[in-house]
Amino acid sequence: MKKFKILFIILIGIFTSCDKNQGPETVDLELQFLPKFDNTIFSYETDSLIQSTTQDTLIFTRSDFLLSNFKLIADDGSIIKFENTFAFVKGSSPDTIKLPLSIPSGNYVSLSFDLGLDSAVNHSDPSLRLPNHPLNPSFNNLHWGWTGGYVFAALEGYYQNMGVKTPWLYHIALDENKTNVNLPGSFDLTDFKTLEIKWNSEMTFSNLFSVRPGVDGDFTHSSNDNGLASKIAQNLGASFESGLLKDRDP
């Protein structure tokens with residue numbers, strides 16, 4: 001009888017230990033945005049950056065984004081959607097974004113999101129947003145008023161125009177310029193993780209389309225610009241890539 005008690009205690013210890021080592025059933029995922037230029041983190045306002053394709057000299061002073069419609073695709077093809085999850089990314093001082101604690105523990109092959117907002121959200125009443133909500137105009141400074149909707153991407157800086165420091169300003173807005181971003185990869189989300197998302201800022205000017213401020217235009221509010229905003233939006237859609245996936249405490 002004594003031996004049986006000892007064996008029973010040992011078995012309990014084994015099962016308890018296995019249960020403790022088992023990962024969580026659901027996890028969250030933090031997204032850490034890293035603005036880069038030619039794969040190097042740069043300083044806003046001060047760093048003169050040479051666009052390798054066009055040799056234009058550029059300075060970034062602002063790169064702010066509104067993101068929505070986050071989705072994860074699992075290796076079995078199932079899709080995890082994050083309804084009503086929005087993010088405001090301020091390039092010069094990006095905060096970490098956390099996707100909710102509703103991700104089934106497992107392996108995923110893609111993360112996607114929209115640069116911009118669906119039409120219904122874009123033209124909703126911004127005064128209904130809480131003070132610290134990503135879509136509160138006072139918080140993000142990315143809204144054009146009740147009829148104008150939101151600015152999806154606000155990019156600003158300077159370039160050398162015939163030796164003269166000249167401002168450029170690209171504000172990408174309007175429903176038709178909402179752009180999907182898809183980041184394929186192999187994401188082991190069996191525990192709490194942080195995923196780096198690199199924004200390759202040089203691709204604003206050279207990606208699907210070549211954009212030169214001194215040639216193609218150094219200003220757009222997304223209308224009457226000969227397609228400049230559309231080109232930049234498409235460039236931006238392909239300018240993000242996934243980086244390191246790092247372990248994190250819950």
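Which strands each supply at least two residues of the lining of the largest pocket? The points below take up this question and the packing around it.

1. Basis of the note. This is a predicted model, in which local features need pLDDT of at least 70 and side-chain atom pairs count only at pLDDT 80 or more, while totals for chains, interfaces and linings use all residues. Residues are numbered from 1 along each chain as its sequence is written, and side-chain values use heavy atoms, with hydrogens and water left out.

2. The largest pocket. The strands in question are β6 (87–90) and β7 (97–104); strands are DSSP runs of E of at least two residues, helices runs of H or I of at least four, both numbered from the N terminus. β6 provides the largest share of the lining, three residues. A pocket is an open set of points on a 1 Å grid over the protein atoms alone, with protein on both sides within 12 Å along at least five of seven lines, and lining residues have an atom within 4 Å of a point. The space in the largest pocket is about 200 Å³, where a volume is the space filled by probe spheres set on points joined across faces, edges and corners.

3. Pocket lining. Of the 13 lining residues, Phe88, Asp95, Thr96, Ile97 and Phe139 lie nearest the centre of the pocket. By class, seven are nonpolar, three polar and three charged (nonpolar: Ala, Val, Leu, Ile, Met, Phe, Trp, Tyr, Cys and Pro; charged: Asp, Glu, Lys and Arg; polar: the others, Gly among them).

4. The cavity. One cavity of 30 Å³ or more is present, a cavity being a set of grid points where a 1.4 Å probe fits but cannot get out. Phe33, Leu34, Pro35, Phe65, Val89, Gly91, Trp199 and Phe240 line the largest cavity, and strand β1 (residues 26–37) gives the most to this lining, with three residues.

5. The nonpolar cores. A nonpolar core joins buried Ala, Val, Leu, Ile, Met, Phe, Trp, Tyr and Cys residues through side-chain atoms within 4.5 Å; buried means under 20% relative accessible area (1.4 Å probe, protein chains only). In the largest core, of 48 residues, Leu31 and Phe65 touch the most other members. Strand β4 (residues 57–74) gives the most to this core, with seven residues. A second, separate core of eleven residues includes Phe88, Leu142, Tyr150 and Phe152.

6. Helix α5. Helix α5 (residues 228–237) is largely enclosed by the rest of the structure, because seven of its ten residues are buried. Among them are Leu228, Ile232 and Leu236.

Definitions and conventions
Buried < 20%, exposed > 50% of the residue type's maximum accessible area, 1.4 Å probe, protein only.
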